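Hi,

Here is the structure I promised to pass on. Have a look at it first, and my notes follow below.

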Amino acid sequence: MIPSAVVVPYTGRPPVEWLKASLAGWSQGGVRNVVLLGPAGAPRLTQDDIPVVPIATGLPFSGEAWQDALARVNKPIAIVINGDSGAMVDADGIGRLARTIADTGASLVYGHYLEAEAQGAGEHATIDYQLGSLREGFDFGPALAVNMATVRQAEQRYGPLAETSVAGWCDLRLRLSAVSLPIRIPEVLYSCRQLEHRPTGQQQFDYVDPRNRQAQIELEKTATDHLERIGARLTGEFEPVPRGRQTFPVEASVIIPVRNRAKTIADAVRSGLDQKTTFPHNVIVVDNHSTDGTTDILRGLAAGDARVVHLVPDATDLQIGGCWNLAVRSPQCGRIAAQLDSDDLYAGPATLQTVVDKMNEGPYAMVVGSYRLVNFSLEEIPPGLIDHREWTRDNGRNNLLRVNGLGAPRVFDTSILRANPLPNVSYGEDYAIGLRLSRQYEIGRIFEPVYLCRRWEGNTDANLAPAGKNRNDMYKDRLRTLEILARQRMLAGGERNS
């Protein structure tokens, strides 16, 4: 039995009854003291000589609160349990977490858990922590173990936690990961109530919700400081966008990859055709072997307007990224390639002119606009405008390693995109190319809405099961990992960090 302390951050009422129910089991698991971190301290409770020390704070995730809590831990391991979760961690769960830290020396250890659902408790699997797991929403679950020796080592190297209102925990775990990466135990270690009731299609917009802006500013600085610590923060000048020597049949092409979108594809194509521009443009649709009537609709549109280029790949293994590569490499592609998803629309007839003007203004390798979330009937839905105001010229490419996307529509210099193909996937291909290009070139931004993003049951990310969400999160963490390694290598070699 390894001596440990329990730290309980909570945001609601003091979890007194839950604490009373937990103390006996904790005592058997080697817990010697408890630190409560929340809006009001609970009464001093004891169970088998376990003192409960309250730290009254309205900011239980601030740097100051966490610095204070860690100072109260005088045991080799801190078991951190979210007091709002109702997590029931018994002696075996605590013992497994503590022993794994003792056996491996890991900075932080976490596992799977049972989560209450309408149809009963279901296993909630977590994913491995990677170098690129910078996002503050990384799911450790509501209970984990922290190696206090690593905490002291991190404090010795990097000083005390920064003075923040909401980023204290995030700051701590990033500092710990800079010493050694957290370790996941792929076993169910405890149970808790359901933590998130919203579908994944709603959760993904939390970080761009204007109501969360101040918190996001803090979290951006926390992540940027971490990148500095690990030698991956980019500063300095951008590399000039090279002048292309290729010739193009039109100035711009609207690129639409599609498979089985008979319900929306005609609207998307017409949206591209209806653009009013001072230059010639076309619409390239890569029809990825549709089987629902989409192909017939596209044949009809192409027959009625020569600007519609209907491509059907010979390959049968293409995902969205592969369809983009096919369109961009085609001889019909214009100098600038503009994204339009098969179930989305441009906000009006001036969108293409606006994004091309912005591209030329830089010149930029890539431009990203802003969009409104709408339902299938094109009525605005919360949170409405997604403008990614968190992007700044000085720090956008660093902050991109923390957030999950860039925005839409995405517009590219075709010559650069031909030299930097997208990964052949149907999730994260746009994020991957944004990371890659921002390492080298400046990305232009348009903060006014020029695009309508339809959210409906047909979206691929509308309501993912936990396994699907984990797969997506793991892939983007891997993209971030690869990009951090590339930036570290570039900076260590003394090359220009652009």
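Predicted model: local features only at pLDDT ≥ 70, side-chain atom pairs only at ≥ 80, totals over all residues.

The protein chain has an average pLDDT of 92, and 92% of the residues score at least 70. Do watch residues 200-205, though: the pLDDT there is below 50, and the stretch has 18 contacts in the model beyond near neighbours in sequence.

Now for the rings. There are 11 aromatic pairs in the structure. One of them joins Tyr110 to Phe140, edge-to-face, with 5.1 Å from centre to centre and 90° between the planes. This pair links distant parts of the chain, 30 residues apart: Tyr110 is in strand E5 (residues 108-115), while Phe140 is in the loop between strand E6 (122-124) and strand E7 (143-147).

Phe140 counts as buried too, because its relative accessibility is 4%, under the 20% cut-off. Phe140 also pairs with Trp169: the ring centres are 6.3 Å apart and the planes are at 80°, so this pair is edge-to-face. Trp169 belongs to helix H5 (residues 168-179), so the pair ties the E6-E7 loop to a part 29 residues away in sequence. Trp169 is buried, as is Phe140.

Put together, ring pairs link Trp66, Tyr110, Tyr129, Phe138, Phe140 and Trp169 into a cluster.

Two lysines are worth a look as well. Lys263 has its charged end over the ring of Phe376, 4.9 Å from the ring centre. The charged end of Lys476 sits over Tyr431's ring, 5.1 Å from the centre.

Cheers

Technical notes. Residues numbered from 1 in each chain as written. Heavy atoms only, no water. pLDDT = per-residue confidence, 0-100. Contact = heavy atoms within 4.5 Å. Phe/Tyr/Trp six-rings, centres within 6.5 Å; stacked < 30°, edge-to-face > 60°. Helix = DSSP H or I, 4+ residues; strand = E, 2+ residues; numbered from the N terminus. Buried < 20%, exposed > 50% of the residue type's maximum accessible area, 1.4 Å probe, protein only. Lys NZ or Arg CZ within 6 Å of the ring centre and 35° of its normal.
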